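Hello,

Here is the structure I promised to pass on. Please open it first, then read my notes below.

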Amino acid sequence: MSAPSIEAAPVLAEAPAPAPRKRRRMRIPASVIGGAVVVLVIGLAAALAPWIAPHNPLDVGSFDLLNAEMPPAFMAEGDSRFWLGTDNQGRDLFSAMLYGARVSIAIGGGAVLVAATVGVILGLLAGYLGGWVDALIMRVGDVILSLPTILLALLVSGVARAVFPEAGTAQWAPVILIGAIAIHEWVQYARTVRAATMVESSKDYVRAARVMGLPSIRIMARHILPNVLSPVIVIATINLAAAVLTEATLSFLGVGMPPTYPSLGTLIRIGNEFVFSGIWWIATFPAALLVVLVLGVNIVGDWLRDWFNPKRQAR
Amino acid sequence: MSSRPRPTAGVPALDIRNLTVEYGQPGEPPMAAVLDASLTIMPGEIHALVGESGAGKTTVGNALMGLLQAPGRITAGGITIGGKAVDTRTGRTEGITPGLDVGAIFQDPMTSLNPLFTIESQLCETMRHHLKLSRAAAQARALELMRAVGIPEPERRLKCYPHQLSGGQRQRVVIAAALSCDPQLIVADEPTTALDVSVQAQILKLIRALADERGVGVLLVTHNMGVVAQVADTVTIMLKGRVVESGPVAQVLGAPRHPYARSLIGAVPRIDVRMNRLQAPSEATPAADAAREIVRKQMTADTAAAGGALEVENLVVEYGGRSWLPGRSAKAFRAVDGVSFTVQPGEIFGLVGESGCGKTTVANAIAGLATPKDGAIRLSGREIGARGKHGRALQMVFQDPYSALNPRLRVSTALSEPIAFYKLAATRAEAAEDAAVLLEAVGLDRSAGERFPHAFSGGQRQRIAIARALGPRPRFMVCDEPTSSLDVSVQAQILNLLKDLRDLTGLSMLFISHDLAVVRQMCDRIAVMQAGKIVELADAETLFRAPQHAYTRELLSLAPSLDSIARAPAPAHGA
């Protein structure tokens with residue numbers, strides 16, 4: 001009658017030496033596994049694009065206008081060489097998508113990496129040093145956050161193109177895009193890390209390191225940094241999806257990757273011109289891939305956030 | 001004013017029979033937090049439940065209040081509150097209404113009141129819910145309760161929010177809330193641990209008076225033997241979930257029979273007599289002795305940091321009042337107001353006072369963690385640098401051993417870091433070896449270095465923190481309440497260790513504590529601080545035998561101690 005299994009929940013019992021942050025045993029929900037698998041598959045396919053893509057979408061010379069606007073292979077007029085059809089230049093859409101995902105993920109990941117690095121460093125400095133350093137960094141961050149991401153990114157890439165003619169080429173566009181996205185995103189990392197740093201700085205182990213006479217740089221890098229990183233990992237995951245979307249938006253607006261080296265956003269922009277002429281596939285497939293990728297990353301990121309939350313009670 | 005009939009005389013307020021509480025997942029062997037424990041509290045009786053961390057005393061309190069957490073469940077035994085049997089068949093206490101049958105007083109009055117509601121609404125809420133009183137009746141009763149717990153100007157205080165009251169007043173409000181539905185039993189879990197001695201004395205007096213006047217039974221969960229001696233009638237000592245001894249306070253504390261009870265009571269520092277060492281098991285092992293000899297040689301051979309005398313001259317530290325924004329200046333709070341003292345080489349200098357008196361700020365200023373506004377601090381004749389650093393000559397041991405160690409660094413890494421930084425060892429391997437020797441010298445195994453801090457108990461962590469402080473071979477050590485978060489028996493060991501290290505290396509120490517008995521056992525000279533100033537400075541014996549200042553006398557008279565109970569005479573080596 002009083003089955004003990006009713007209360008099966010991994011809550012830490014009273015222990016003589018409480019071990020906080022013990023690895024919690026838990027079951028990973030199916031949706032998260034699904035999300036992770038989707039992200040992994042897309043990521044792998046994008047990374048291995050040169051080897052698995054049936055055509056080379058970057059080689060303009062190989063396009064044949066006779067193949068232009070070919071519907072997907074499963075449709076009546078489809079051609080078995082082009083699984084998902086071709087675009088207006090006769091480029092294989094499936095290959096273009098693989099290469100496009102590669103560009104999107106690289107730029108999104110690059111932006112996250114830059115933003116996280118800058119944000120963590122500035123957040124550490126602001127939180128540990130305080131005073132005018134803190135005030136300066138955080139007010140600059142406030143100003144930046146008061147502008148919408150896209151507006152700021154448009155501004156940055158617009159200015160970059162104006163002063164630097166090569167900014168629109170396949171070689172330089174990714175760098176500009178990464179910068180344009182990261183300039184907005186770092187603030188979030190800086191704020192989070194600053195708050196966590198202030199909490200850690202008041203703890204005795206940091207005070208002990210200060211009494212020992214260790215230099216500030218060393219205290220920040222060696223003692224505080226490892227203890228403030230877990231929220232950064234979570235934000236980075238969630239922001240990866242946002243960065244991929246921002247890149248797609250910029251490319252869609254025509255200030256991102258050039259049509260000769262398309263990202264998913266560029267492909268959607270190209271396809272957008274043809275949607276109403278019945279050539280729906282050019283926009284739809286890249287858009288679907290983008291949605292699935294962003295959704296997968298978001299699901300994994302949300303779960304990571306819950307998993308790292310120390311207040312999380314197991315259900 | 002009681003709306004419910006009191007139980008007839010002779011019916012216990014609480015009767016626990018063979019209670020067992022187990023924690024554990026299904027499929028794993030359960031861990032018994034409480035095993036076969038029995039105790040009885042008569043109306044008007046204060047029954048103390050004592051034991052060290054992990055003894056299960058808080059679990060008993062939680063079981064009574066229906067606060068047992070999920071994997072914990074009552075697996076055997078019965079509970080009767082005021083003659084009313086409690087159903088424990090489902091693993092928890094069915095039928096107990098917290099607030100109505102059992103009143104609760106928690107440790108921290110800062111967090112046990114909701115900051116968003118007035119005192120009145122918090123007091124009235126439970127009464128209106130449980131006793132179905134009208135608003136007016138509840139308010140009248142709230143006022144009555146506020147008077148009963150001795151809060152001045154109760155009408156005005158009822159309209160206040162918790163942050164507008166002092167810690168002592170808040171704890172009085174919590175007691176009023178516990179009494180509001182006229183329970184027959186109050187569970188007080190460490191009710192005075194977060195309070196200063198003077199406030200503690202008042203709260204204990206209040207609890208005693210309420211038990212006497214209202215005939216309510218009190219289960220007082222505490223680790224402080226002085227508190228037990230002062231207010232309790234009966235006491236139960238627990239060890240690892242079992243009751244090892246139970247009986248009237250005078251009998252149990254005066255002449256304990258169980259060996260654990262004897263060692264527990266023996267480990268309590270005495271305020272009346274100074275002893276060379278506290279009673280704790282000897283830790284001398286060949287490995288520890290050898291390690292200590294190495295540490296002694298290293299520290300005495302180190303001439304670079306000779307001396308160790310500390311001079312503090314007219315120290316002033318202020319908080320606030322400084323703002324980099326123009327037009328925004330707050331009034332500065334003077335935490336330390338012209339403090340001067342000197343510490344001789346090899347001396348342990350005590351600094352005592354209540355919370356907020358500025359003693360920790362003095363320590364922070366000396367350690368370079370707070371910037372003095374005025375005054376001079378000289379260590380071995382050298383003024384501290386512009387950035388407030390002494391280099392390696394001064395190290396610090398902190399209060400909370402759980403936050404004093406970086407959770408992400410292995411113990412050996414944490415210990416060898418300062419050694420390598422100051423180039424006291426030629427190579428990384430030598431620094432790691434020095435770290436291992438230090439671990440042995442503080443009574444740990446050298447293999448402890450392989451592990452992360454969370455693998456250790458509070459006392460072990462404090463040993464690691466001490467070893468870390470010794471690493472840079474300092475001449476001066478600041479100890480800020482190094483044992484106040486530890487159990488008594490562990491406290492005794494740590495205090496003995498600090499004393500041994502002083503004797504071994506000739507290190508000087510500034511020892512900060514609010515516990516007068518601990519200070520008496522540890523220190524050669526003592527300064528008493530009040531409101532940022534030193535009010536009395538004397539050598540330990542003089543201060544305790546003939547206190548000059550009124551504040552010192554008050555502190556000494558309020559400190560709860562075991563002296564009211566006749567204790568076994570001090571061992572022969574007592575000074």
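How much of residues 274-301 of chain A is helix, and how far apart are the end C-alpha atoms? The span is 75% helix and 0% strand, with its end C-alpha atoms 35 Å apart. Helices (H or I, at least four residues) and strands (E, at least two) are DSSP runs, numbered from the N terminus.

A word on the basis. This is a predicted model: local features need pLDDT of at least 70, side-chain atom pairs count only at pLDDT 80 or more, and totals for chains, interfaces and linings use all residues. Residues are numbered from 1 along each chain as written, chains are lettered from A and ligands numbered from 1 in written order, and side-chain values use heavy atoms, without hydrogens and water.

**Chain A.** Residues 228-254 are 93% helix and 0% strand, and their end C-alpha atoms lie 38 Å apart.

**Chain B, the sheet.** Four strands make an open antiparallel sheet, in the order E12-E11-E14-E15. Two strands pair if DSSP finds at least two bridges between them. Strands E12 (333-343) and E15 (382-383) of chain B are the edges, each pairing on one side only. Helix H11 (residues 359-367) of chain B packs on this sheet and touches E11 (310-319), E12 and E14 of chain B. Touching here is contact, meaning heavy atoms within 4.5 Å. In E14(B) and E15(B), B:Leu379 stands opposite B:Arg382.

**Chain B, one residue.** B:Thr222 sits in strand E8 (residues 217-222) of chain B.

Best wishes

Definitions and conventions: Axes fitted to C-alpha atoms, helices over the stretch in contact; angles between N-to-C directions.
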